[in-house]
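Let's take a walk through this model, from the whole chain down to single side chains. Keep the viewer open as you read.

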Amino acid sequence: MDNHQKRNLTFITIGLIFMLSGIEYAVILPTIWRYLQILEAPPYFLGLGLSAFSLSGLLTGPLFGLWSDRSKTTKSIVLFSNLFEIAGNFLYFIGYSKWLLLCSRLIAGIGAGAGSSIFGFLTRSTRPEERAGIFAAIMACRQAGLLVGPAFNLFLRLCDFKLGPFVVNKYTSPGIFMCLLWVLLQFVVLAIYWDVPPMSSEGGAMMVEIKQEEGAEEEEAPLMGSDEEPAHTYRAVCSGQSETSTSSETQPVRKASNPFKNFSASREFLREEVVVLLTAQFITLFNQTALETMVTPLTQRYFSFGELGNSLMYSLCGVEVILGFFFVRWLSRKVADRVVLAVGLVICCTACIWCLIFLCNPRGGYGWELSAFIIGVFLQLLGLPFVAVSQVSLFSKVTAEKTQGFSQGVRRSVGGLATILGPLWAGGLTNNLYIMLGMMLALLIMISVMTVLSYDQLTEPRAVQCAASSDSGG
């Protein structure tokens, strides 16, 4: 089996990992509140239980990324992290107390931290021009899991039997079900997941090490410099490009050295374009989770939606988001990532303005109010794939490839913080939509202005563009 076949099978496995994460969210969320009530947990435990998963993923993401950058492997990391998903979901199934349930979500969240290693692997295993499309497909897999997850609840809610000393009912069955799915995934990872070589070592571009004879003070230069060339850096050059540097010595990199030897976190993450993309990551997920928190109380108050109505609404939303991701996958082949980002921000701002005008103080009959609500939600979800895919793809291009796992861990930690704060913000303001949506719009305007001011910086480095054009020309 050649590297191309291995690469495709590995991408399929990664898609399954993200799909399972979506299924897990979809089968546990509908029943966790009632489960906690049975265990006599106070109301605030619902927020703790939902936030615990994000919190542990937030903390462990950079650590898994650091591990993958140093080892240059991800298969062992995925196998190891899945053990936490298995253990966490089994503890959720046992559920003797509210504290055990809380610990189960904390432990399962550790497994989610391996996503940073996976995104680092995807960055190293894809060409820049195809990366946005790959990211869009992977994100669509998670949305597909969110979409099919409720279908599993149809038979899980019918469970009512004992498994040895454990009770299997509609509240505990999601835990054992997800535990079994993660166990099955372990065998899939063992069979068809490979640590394929980076694209840069296979095609027309090669990684070269540039060593300059400079002073000792320049040894602390960042991995990706701006005006001055760093003392010790890695970059891609065109295969046909002559190596004419008079003060440098170039040679292929054959053995992975310590990727953090000259790494400076401040210089890597406080650059203008990186700050813009991390801000976009935070605002995107903050607004998304705030919207998810707001929607159910809103539909109950204005339209008297029950479980069936909400389930139908979420299913239609899932279909829209999946189609949106595949549209962005196609669009990313035609236009630059920063154009996709700009289009997404315009759509999101339009959606927020619409909701402020028509949803905060709805007027008219039931039909008009429902139509205004549907348009508002449609626009909010329409912009999500544009912003989500473009900022992840751009982030992978403007940060150093050698430390991509750690950088993706930082990005996902910023997103994890947003998923914790978003519901907390929206949960207390469901009766004050002007304040809640006003803050969301203010954040969107802020990131839009930042994007306009930094538009010229939101592009891949010239060396990467050179390598990409060499690949496409060959």
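This is a predicted model: local features need pLDDT of at least 70, side-chain atom pairs count only at pLDDT 80 or more; totals for chains, interfaces and linings use all residues.

The chain runs to 474 residues, and 51% of them count as buried. Its secondary structure comprises 15 helices and five strands. The accessible surface comes to about 21700 Å², and carbon and sulfur atoms account for 65% of that.

Now go to helix 1, which covers residues 3–38. At its start, a side-chain oxygen of Asp2 reaches to within 3.2 Å of the backbone nitrogen of His4. Further along, the helix has a kink of about 45°, centred on Ile32. How does the end-to-end length of helix 1 fit with its 36 residues? At 1.5 Å a residue, they should span 52 Å, and the end C-alpha atoms are 51 Å apart, so the two values agree. After helix 1 comes Glu40, which has a positive phi, near 60°.

Side chains of opposite charge can pair when their charged atoms come close. The model has eight salt bridges. One of them joins Arg105 and Glu24, with N to O at 3.1 Å. This pair links distant parts of the chain, since Arg105 sits in helix 4 (residues 98–112) and Glu24 in helix 1, 81 residues apart. Arg105 and Glu24 are both buried. There is also a network of salt bridges, which links Arg7, Arg127, Glu129 and Glu130.

Next, look at Asp337 and Lys397, whose closest N and O atoms are 2.7 Å apart in a salt bridge.

What does Leu384 touch, leaving aside residues up to four places away in sequence? The answer is Thr284, Gln288 and Cys348. Val321 is 63 residues from Leu384 along the chain, yet their C-alpha atoms are separated by 7.6 Å.

Our last stop is Arg271, in the loop between helix 8 (265–269) and helix 9 (272–303). Despite its place in a loop, Arg271 counts as buried, because its relative accessibility is 16% and the limit is 20%. What does the side chain of Arg271 reach? It forms a salt bridge with Glu268 at 3.5 Å, N to O, and Glu268 is buried too. The side chain of Arg271 also reaches two backbone oxygens: that of Arg267 at 3.2 Å and that of Val398 at 2.8 Å.

Notes:
Residues are numbered from 1 along each chain as its sequence is written. Side-chain values use heavy atoms; hydrogens and water are left out. A salt bridge is a side-chain nitrogen of Lys or Arg within 4 Å of a carboxyl oxygen of Asp or Glu. Helices (H or I, at least four residues) and strands (E, at least two) are DSSP runs, numbered from the N terminus. Buried means under 20% relative accessible area, exposed over 50%, partly exposed in between (1.4 Å probe, protein chains only). Contact means heavy atoms within 4.5 Å. The expected span of a helix is 1.5 Å times one less than its number of residues. The bend at a residue is the angle between axes fitted to the seven residues ending there and the seven starting there. A polar contact is a pair of N or O atoms within 3.5 Å; within protein, one must be able to donate a hydrogen and the other to accept it, and residues adjacent in sequence count only if both atoms are side-chain atoms. Accessible areas come from the Shrake-Rupley method with a 1.4 Å probe; for residues, only the protein chains shown count as cover.
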